[in-house]
Amino acid sequence: MSLWFSHPLFLPSLVVIVTILLWATSLLPEFITALLFFTVAMVAKIAPPDVIFGGFASSAFWLVFSGFVLGVAIRKTGLADRAARALSSRLTESWPLMVSSVVLLSYALAFVMPSNMGRIALLMPVVAAMAKRAGILDGTRAWYGLALAVGFGTFQLSATILPANVPNLVMSGAAEGSYGIHLNYLPYLLLHTPVLGWLKGGLLIALICWLFPGKPHAPREFSPPEPMSRDEKRLAWMLAVVLVMWVSESWHGIGPAWTGLAAAVITLLPRVGFINGEEFSTGVNIRTCIYVAGILGLASVVTQTGIGDAVGEALLHVMPLDPEKPFTSFLALTGITTALNFIMTANGVPALYTTLAQSFSEATQFPLLSVIMIQVLGYSTPLLPYQASPIVVAMALGRVPARAGLLLCLVLALTTYLILLPLDYAWFNLLGKL
């Protein structure tokens with residue numbers, strides 16, 4: 001026992017486990033747990049400060065921040081309500097149609113915008129305005145369902161599009177750096193879209209309609225919309241420039257986070273921008289920003305301290321990887337990804353899993369590229385909301401209680417593993433990947 005307490009990974013592991021349990025159980029508000037993690041990690045010196053507070057330097061943090069700022073401006077100028085007016089007349093005739101339209105819009109936007117956070121920032125105020133026009137009030141189960149449709153549709157379905165989310169890019173970079181494997185857009189899309197895009201999207205729509213029922217009514221338009229105001233036009237042009245910058249990132253090299261931050265700064269400038277200091281303090285959810293920084297910092301600590309490597313090696317010896325039982329091996333590899341998701345969150349899982357892929361390939365006799373691809377189902381299907389920061393942000397923007405997000409996470413994960421995992425295995429076989 002004394003040897004265990006003296007192990008160099010004991011204290012970092014204890015801090016990580018307690019933090020995860022507090023986030024999973026919501027015993028404390030999420031941002032307080034994040035602050036507690038920062039405090040204990042620094043006092044115990046489990047990692048250097050630049051690792052513990054690394055989340056504040058990450059692009060994901062600044063995308064969250066800029067997303068909040070732009071969302072306030074979109075609502076204030078009336079641009080959100082104008083977009084909602086254009087959508088709601090046709091998409092609110094029934095609850096399944098409304099949920100389907102939100103999920104499909106979230107998915108379709110992933111083809112042109114590379115940032116989960118950016119898509120959520122643009123969609124959430126529009127969906128909120130559309131819900132209000134359809135008679136769905138804030139704080140109702142129906143509204144929770146629409147907000148979760150934005151978060152889950154944005155994060156989980158975008159995993160089928162190579163450049164559309166952070167975990168995909170981490171996996172691509174790790175595969176190229178470790179094995180010289182370059183992932184291509186169309187083969188990746190073909191491998192994952194039928195099961196993890198179309199079928200999972202249909203499953204998500206059905207579960208939201210079942211767990212979060214609603215009765216929208218089509219709004220009655222008694223007067224034509226007023227002409228766009230000067231602020232609406234200015235903001236629309238700025239958002240168009242931001243969208244073009246996001247789509248053309250590979251050409252100019254400026255990351256989506258920094259484009260979003262520049263737009264947020266312009267939005268806040270006196271006489272030039274759209275919101276003042278008071279609107280900033282009431283509309284920008286700093287609590288969620290701290291929570292996201294805590295999630296990213298935790299993942300960095302897990303990687304830096306070697307906890308992730310230790311867990312990965314342990315899972316390699318425990319999981320039933322057998323070339324004579326390919327389906328069992330497929331299931332085990334997905335299970336490894338799911339287990340790693342608890343300690344590293346979705347952004348960190350591909351970095352570790354991909355470096356272990358050669359060992360997994362030798363143990364299962366699966367092709368190396370296929371082993372790398374199998375992880376997508378695991379990291380794109382979180383069991384708890386904290387494992388995917390875009391879902392956390394969508395819940396915060398929609399003021400969705402932790403219990404509602406946890407319910408959808410668990411039910412969707414259960415049905416994904418029971419229904420979609422065997423279908424994914426069959427699709428891999430049909431394409432000759434196993």
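A: Happy to. For helix packing, an axis is a line fitted to C-alpha atoms over the stretch in contact, and angles run from 0 to 180 degrees between N-to-C directions. Please keep in mind that this is a predicted model.

Let's start with helix α7, which spans residues 95-109, and its packing against helix α11, residues 185-211. The axes of α7 and α11 lie 9 Å apart, at an angle of about 145°, and the crossing is right-handed. On the α7 side, the contact is made by W95, P96, V99, S100, V103 and Y107. Their partners in α11 are T193, G197, W198, G201, L204, I205, I208 and C209.

The contact of α7 with α8 divides into eight nonpolar residues, two polar ones and one charged.

Now for the aromatic rings. A pair of aromatic rings is described by the distance of the centres and the angle of the planes. In one of them, F38 and F56, the ring centres are 5.5 Å apart and the planes meet at 40°, so the pair is tilted. F38 sits in helix α3 (residues 30-44), and F56 lies in the loop between α4 (49-52) and α5 (59-77), so this pair links distant parts of the chain, 18 residues apart. F38 is buried at 4% relative accessibility, whereas F56 is partly exposed at 30%. Ring pairs also join F37, F38, F53 and F56 into a cluster. Another pair, Y353 with F360, has its centres 5.3 Å apart and its planes at 50°, so it too is tilted. Y353 and F360 are both buried.

Finally, the backbone. Most residues other than glycine have a negative phi. R271, although not a glycine, has a positive phi of about 65°. R271 is located in the loop between α14 (256-268) and α15 (277-283), and with a relative accessible area of 88% it is exposed. R399 is likewise not a glycine and has a positive phi of about 50°. R399 belongs to the loop between α20 (389-397) and α21 (402-430), and its position is just after α20. At a relative accessible area of 67%, R399 is exposed. Helix α20 itself is mostly covered, with eight of its nine residues buried. Those buried residues are S389, P390, I391, V392, V393, A394, M395 and A396.

How values were computed. Residues are numbered from 1 along each chain as its sequence is written. This is a predicted model: local features need pLDDT of at least 70, side-chain atom pairs count only at pLDDT 80 or more; totals for chains, interfaces and linings use all residues. Side-chain values use heavy atoms; hydrogens and water are left out. Rings of Phe, Tyr and Trp (its six-membered ring) pair if their centres lie within 6.5 Å; planes under 30 degrees apart count as stacked, over 60 as edge-to-face and the rest as tilted. Helices (H or I, at least four residues) and strands (E, at least two) are DSSP runs, numbered from the N terminus. Buried means under 20% relative accessible area, exposed over 50%, partly exposed in between (1.4 Å probe, protein chains only). A crossing is left-handed if the near helix is turned anticlockwise from the far one by less than a right angle, and right-handed if clockwise. Contact means heavy atoms within 4.5 Å. Ala, Val, Leu, Ile, Met, Phe, Trp, Tyr, Cys and Pro count as nonpolar, Asp, Glu, Lys and Arg as charged, and the others, Gly among them, as polar.
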